[in-house]
Amino acid sequence: MNAVNIKDEIFWVGVNDYQTILFEGMWPIDQEGVSYNAYVINDEKVAIIDTVKSIKADEYIEKIKSIIGDKMVDYLIVNHMEPDHSSGITELLAEYPDMQIVGNKKTFPIMNNFYKICENLHEVCDGDTLCLGKHTLQFFMTPMVHWPESMVTYDITDKVLFSMDVFGSFKAPVGSIFDGDNDLAAFEEPTRRYYACIVGKVAGQALKALNKLGGIEIETICPSHGLIWRDNPKHILDMYVKMSAKETDPGVVIAYGSMYGCTQKAAEALAIALKSEGVGEVKLYDVAKTDISFIISDIWKYKGLFLGAPSYYGQIFPKMANLLYKLSEIRVDNHKVGFFGNYSWSGGADKNFNAFIECTKADTIDEILMIQGTPDEADVIKLKALAKKMAEAIN
Ligand code: FEO
């Protein structure tokens, strides 16, 4: 895509990345890519808001030049230092060595550490403004959403919010960057997966940031990833408030691991029982086959959660340990949680589940149900009872 006019002198100069396989080195994006959105305000003074990942810097700079021609860049506003937005700075500085770099007091030490840049710095504080001519920009600090130095930039003139990671999503927009030209339902899961995996740990700070921004009039939202919300910014605002407040829908996620099918049989019996209890949507995931980011996305959505795993050398099945690690980081304190495990000669899975419960203070519906080998009729009766307790807990 070429540079795109958003409003008046404001242009999108971002890029789509279909090259990176794992975002942050761990979250799969190879199917639908991700966009790194950056913006130019071509006013009397030229301001650029954020860069892009350095692998796409040439395309980004080409787009900037297509808008400003031979003009110089006066300001680079650095909303966020994570390298998916900042690593193009070296290439941009090579083109515009005299530009002022706008950030806050937490931006510049990270910048110096990453890129050895310590000149032409313009420090701003919460609420400070910067006049470009027609456009006046205002800066709001949003610490820990997603890093300590994170801030957002608000164009007072056109009521446009450059919101950095906030309101972002996985999935590169194809053909058009605007919400009104895209199937919003197709962006729901990538938005939630992005939120749960990247921002979920700091949902409390995200909610604070949203409350802070609630006082300004926003007509257009320009995040650093995903769609630009020009026609219906309320759609993404409402979705972010709901996710940050950890509001859930009826339904249950069953995430299980299974070496030879015994735990899988238990998981399937549980799914059947949950359906007959009328809990709504039931999602069944094998943790060894589905990347945990997709499982976590659904866990963020649904109220009920079952975790099931075999024992493995006196501990829990390692792929489940990986999910537990991430869940203990983002916490499941808005969920009702049940556990089932399997063993052949001695336990192990229950030990890790108990440590998880202790660490997260998970709201458990019952004791951990441990099954030896293949579930028999008595075990299925216990699984049905567990499903009934979950239905009672979430309905
Ligand atoms: Fe898209 Fe926290 O960087």
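**Sheet and helices**

I began with the strand order and found an open sheet of seven strands with mixed pairing, running β1-β2-β7-β8-β9-β10-β11. The model is a predicted one, and I read every entry below with that in mind. At the edges I found β1 (4-7) and β11 (121-123), each of which has a single partner strand, so one side of each is left without a neighbour in the sheet. I then looked up the twist, which averages 25° from one strand to the next.

Which sense of pairing joins β7 and β8? I noted that β7 (residues 39-42) and β8 (residues 46-49) pair in the antiparallel sense, over four bridges. Within this pairing I followed Val40 to its bridge partner in β8, which is Ile48.

Next I asked which strands helix α1 lies across. Helix α1 (residues 57-68) lies across β2 (10-12), β7, β8 and β9 (75-77), and runs at about 20° to β7. For helix α4 (residues 107-115) I recorded a position across β10 (100-103) and β11, with a direction at about 125° to β10.

**Aromatic pairs**

I turned to the rings and noted that the structure holds 13 aromatic pairs. One of them joins Phe170 and Tyr194, whose centres are 5.2 Å apart and whose planes stand at 85°, an edge-to-face arrangement. Because Phe170 lies in the loop between β15 (160-164) and α5 (184-199) while Tyr194 lies in helix α5, the pair ties together parts that are 24 residues apart in sequence. I checked the accessibility of Phe170 and Tyr194 and found both buried.

I then looked at Tyr195 and Tyr240, whose ring centres lie 5.1 Å apart with planes at 85°, so this pair is edge-to-face. Tyr195 belongs to helix α5 and Tyr240 to helix α7 (residues 233-244), so the pair ties together parts that are 45 residues apart in sequence. I recorded Tyr195 as buried, and Tyr240 as buried too.

**Charges over rings**

Finally I asked which ring the charged end of Arg193 sits over. I found the ring of Phe294 there, with the charged end 4.1 Å from its centre. I also noted Lys171, which lies over the face of Phe187 at 5.2 Å from the ring centre.

How values were computed:
Residues are numbered from 1 along each chain as its sequence is written. This is a predicted model: local features need pLDDT of at least 70, side-chain atom pairs count only at pLDDT 80 or more; totals for chains, interfaces and linings use all residues. Side-chain values use heavy atoms; hydrogens and water are left out. Rings of Phe, Tyr and Trp (its six-membered ring) pair if their centres lie within 6.5 Å; planes under 30 degrees apart count as stacked, over 60 as edge-to-face and the rest as tilted. Helices (H or I, at least four residues) and strands (E, at least two) are DSSP runs, numbered from the N terminus. Buried means under 20% relative accessible area, exposed over 50%, partly exposed in between (1.4 Å probe, protein chains only). A charge sits over a ring if NZ of Lys or CZ of Arg is within 6 Å of the ring centre and within 35 degrees of the ring normal. Two strands pair if DSSP finds at least two bridges between them. Axes are lines fitted to C-alpha atoms, for helices over the stretch in contact, and angles run from 0 to 180 degrees between N-to-C directions. Contact means heavy atoms within 4.5 Å.
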